[in-house]
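User: I'd like to go through this model with you, a few points at a time. Could you start with how the chains meet?
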Amino acid sequence: MENNSHNAVDLSDSIRYASKIQSALLPEREYFKKILPYSFILYLPKDVVSGDFYWIKKRENRIGLAAADCTGHGVPGAFMSIMGINFLNQISSVCLGLSNIILNQLREYVMKALNQKGENEDQKDGMDIACCVIDTEKRQLEFSGANNPLIYFKDKEMKIVKADRMPIGVGPVEEESFRKNIIPFDAIDKFYIFSDGYADQFGGEGNKKLKLKGFYQILNEIQEYPFEQHEELLHNRIKTWMGDNEQVDDILLIGIDMKKIYNET
Amino acid sequence: MRLEAFRIKNYRSIVDTGWVNVSPDNITTIIGQNESGKTSILEALYSFFNGKIHEDILRSDMKYPEISCAFLAEKDFLGKRIPTDRLSPHLVTSFKQRPLLYLSRIWKNSHHSYLIYGNDEILEASRENEQKELEIEELLLVKIEKLLNETSRLTEIADTAERDLRKYRSELDGLETKYNKLIRSIERASMAKREGLKHEAESCEKKINEIKKLYTLSENNFNNHNEKLSQLIIKSGYAGKYKLALENVKKSEVGLKEITNLIEKLKFEIQINPSRRRSAKVLRNLKESEERKKQIKSEVFRFREMLRYAKECIQLALQNTRPEDIEVKARENYEKKEEQLDLEELALLIFPFVPEFALFEDFSSLLPNRIDLEDMLLQNENTEGFNAVKNFLIVSGLDSSFFNEVNTRILKSKIENLNGEISLHFQDYWRQNLGRSNKIKINFELEHYDLSDPEKKGKPYLEFWIKDEKERLYPKQRSRGVRWFLSFFLELKATAQEESSRKKILLIDEPGLSLHARAQEDVLKVFEDLKSEMQIIYTTHSPHLVNTEKLHRLLAVQRADEFNDHSETLVFDPQKLSQASGDTLSPIYTLMGTRLSESNFIQERNNIIVEDTHVFYYLKNIFDIFSKNEKIYFLPSTGARNIPLLVNMMIGWKLHYAVFLCDHKESREIYDQMKELLFRGNDEECSQKVLLMKGVEGIENLFSTIDFKKHVLNKRVGITESNLEYIADNNLSKSDLASAFAMRCHNLSLKQEDFDEETRENFRKLTAMIASSVKN
């Protein structure tokens, strides 16, 4: 009995330590803010360690940005997220390619690391990700998504850029190149990328999933408020929605006020 | 320093070859039919070096030859050999860009030529400068005339003013005396006369005042003009000196021309009238005239120097330089200009450093059976076979001291060793068997005359043998071919071994005419062996003297109108061989087979040589999908190293070609090699023919990873390295993969849409690059 409790203490110590490692790998908020001053990250891990991760990298006039959601949560998800951050850093070590090329390469890295060859059991491991590249010279936003979309607003009107229905990792069908979507700066006021944790959260009156529809509605509603309040509003709204329910998954949501950025560049 | 290119004008059938590059690897082969002008090229180059021509080389228009050579010098040649401050900055800059030195020999008549530095551009600039100088001189003469006229006008005015002054002075003196007298008379005169005298005195005073005014006016006028005149007189002094110097130069030049004509006339007289008495008088006359010519020449030289100095002085004077500074500055300018080399002086300074051209028309000196040692030591050049034996001794490394050895046994032993060495060396080149299987051996021996020749009894002689195991025969008992080859071998080896500060260029006309085909190939071997030590330019008809692996060495020569022996000679370098006629190129066809373009394998145009079969598969299928309308014929080599051989064949077959290379170490080396050999280092020209896909190490890397997996590898696997690295890391066969791709293209009828954007973009660039190269 005493032995078991000893083991539990050891395990939680290990997990806390793992959390430290994960935090160390995630970009510091200050660094993020320095590159993208008009932005916020709502990052609510379900456990001590998280399967969601975010990533940012600046190379000359291009800024790469991603919000990813790895298979599973907790420790397995965290391992995968560490891999993801590492691979993205490796891919962008010299220059930042097009958003779809980044995802194509990331998929190759994951497939190679997990030794995936397209067999059925391979298909459970991987990640979904929304990847953007802000090109301040061309004044455009590139977006490619592996199952995760991008939402943007222009004059308070919401638009969705769909993701490809392919994960990062081996999928049921043979790999294709991810699509590259290009949106000029002046067509966007604000945009959001996120993992599925927010929309999958149970709560509300019928204790149901918020779903994407509910999530999009919240996003629409907060457009009435200044961008600086969005993080707090979104946090409060999910807390209210959750009520006494347990958080079902890691939550990650990144918002960027492009209008302010492109007015300054 | 090495010969890079030549240009021949007005030499026998040659009107103007234009600049023709010789092979960068030191062996240049000139092919062409009889009477095409091959030998003329060699002779013209030799004339460039020795400055001699025969009258029979003159064309019917009687224009004298002009032969130019471009030499590639060491980068520091100009600073090291010729002080750059004595050259025009333009020359120094152009040399820095490419260290080429241009020398032209231009004939004024059959006997006289001069060397001048420069190519067309430099000579044109120099002619323009000369023209400008002439214009400046004409302008100077106009200014001088004006100056002298002005001086004479002012002198006249000043003289007149001076005369007036004198006249007024004298009038004033008279009037003043008269006035003084009148004043004194008034004092003494009676009242009645006083009034009259007063009136007269007043009138006199009035006149005095009037003349004083005139005097002052004249004085001012005189002073003014005198000041101007004193300035003009200094200038006019220099102008006069200049005119005098000019006149002296002209007169002395006329004198020089007259005396030169006289000398020519006297020489002609001596030629046509060999009568002793008459000749003695003419000879005396000729001697005196030549002495006189020397004097006049030195006068011309002195007067020209004086003229240059006078010119500096008058130019400075006209620029209103302070009179006391004129001569100092003129001296400085004169000396500075004297130091500047003109193009003829520069050519004379460079000429001693250019390689020595040696023309071998025929190796008339064949190795004799024997030669007296005395004749060799006394350098009796008329002795039969002297040259061949001399060469033999040079190649053997022997000089006269060798034969001073008194101990016959030691001497014979040394000779035996040398015989072995020479035979071995010769056998390296001469591969023909004599008899059934025996290789040729060269022997020489030191013998002494015996009693059978009482006159020479006891005197040493050298005896030569060409032997095999069965036979020991004198050279004369062997075939002419063997003797010729031996002499040729000795001559070339000896030339290469001769110690000289100058490099050599051997000009050889039709080597090996009497040799068997295989022996002719041995001649090529000798050339190959010597090419690091000298440049060789030879003419031939024989296909066996053309190295088909190195057609970049060829120059094809033919008449503009092949059926007219009086039409001018044209020279085609390797890049223009396709313009030469089939008859001219017959030695190449003989070796390479004729008209491959008539088969369906390769076409006359649009041929692309690629490194390997796998590149062939990829390109063929990529073009089928991405650029179907382009008719391109891909020709696979067996590795990048063999591409130059294929290029040679294409040149030989007169087929249009381009080479496609991916960017790796070996292909870059091949690119550089072809750039140097075929395009004389011109990267722009080379890159149009040899397409190096920069940054793409292998054609497989043009596929995106996804397309590579899908269409080439046919496997779902993570690839984080380049496709080429993946192939290497996993020991995959490039050819198997390429053939799998070809099969997939065929079986699935792949279309452009089946490739992703990255691959499509790469393939479009690739097909556009290749297609544009065949259109050039």
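Analyst: Bearing in mind that this is a predicted model, the count of salt bridges between chain A and chain B is six.

User: How many residues of each chain are in contact there, and what area is buried between chain A and chain B?
Analyst: On the chain A side 19 residues are in contact with 13 residues of chain B, and the area buried between the two chains is about 1,300 Å², with carbon and sulfur atoms giving 48% of that area.

User: OK, changing topic: what does the side chain of A:Arg62 meet in a salt bridge?
Analyst: Its partner is A:Glu142, at 2.9 Å from N to O.

User: What about B:Arg166 and B:Glu162, how far apart are they in helix α4 of chain B?
Analyst: They are four residues apart in that helix, which means that about one helical turn separates them, and their side chains meet in a salt bridge at 4.0 Å from N to O. B:Arg166 is exposed, with a relative accessible area of 52%, whereas B:Glu162 counts as partly exposed at 34%.

User: Now the helix packing: at what angle do α12 and α13 of chain B pack?
Analyst: Helix α12 (residues 480-497) and helix α13 (residues 517-530) of chain B pack at about 5 degrees, with their axes 11 Å apart. Angles under 35 degrees count as roughly parallel, and α12(B) and α13(B) are therefore roughly parallel to each other.

User: Which residues meet there?
Analyst: From α12(B) they include B:Trp484, B:Phe485 and B:Phe488, and from α13(B) they include B:Val523, B:Val526 and B:Phe527. The residues of this contact divide into 10 nonpolar, no polar and three charged.

User: Last one: where is B:Ser289 found, and is it buried or exposed?
Analyst: B:Ser289 is found in helix α6 of chain B and is buried, with a relative accessible area of 5%. Leaving aside neighbours within four places in sequence, B:Ser289 is in contact with B:Ile259, B:Leu262, B:Ile263 and B:Leu266.

Conventions: Residues numbered from 1 in each chain as written. Chains lettered and ligands numbered in written order. Predicted model: local features only at pLDDT ≥ 70, side-chain atom pairs only at ≥ 80, totals over all residues. Heavy atoms only, no water. Axes fitted to C-alpha atoms, helices over the stretch in contact; angles between N-to-C directions. Helix = DSSP H or I, 4+ residues; strand = E, 2+ residues; numbered from the N terminus. Parallel < 35°, antiparallel > 145°, perpendicular 65-115°, else oblique. Contact = heavy atoms within 4.5 Å. Nonpolar A, V, L, I, M, F, W, Y, C, P; charged D, E, K, R; others polar. Buried < 20%, exposed > 50% of the residue type's maximum accessible area, 1.4 Å probe, protein only. Buried area = accessible area lost by both parts, 1.4 Å probe.
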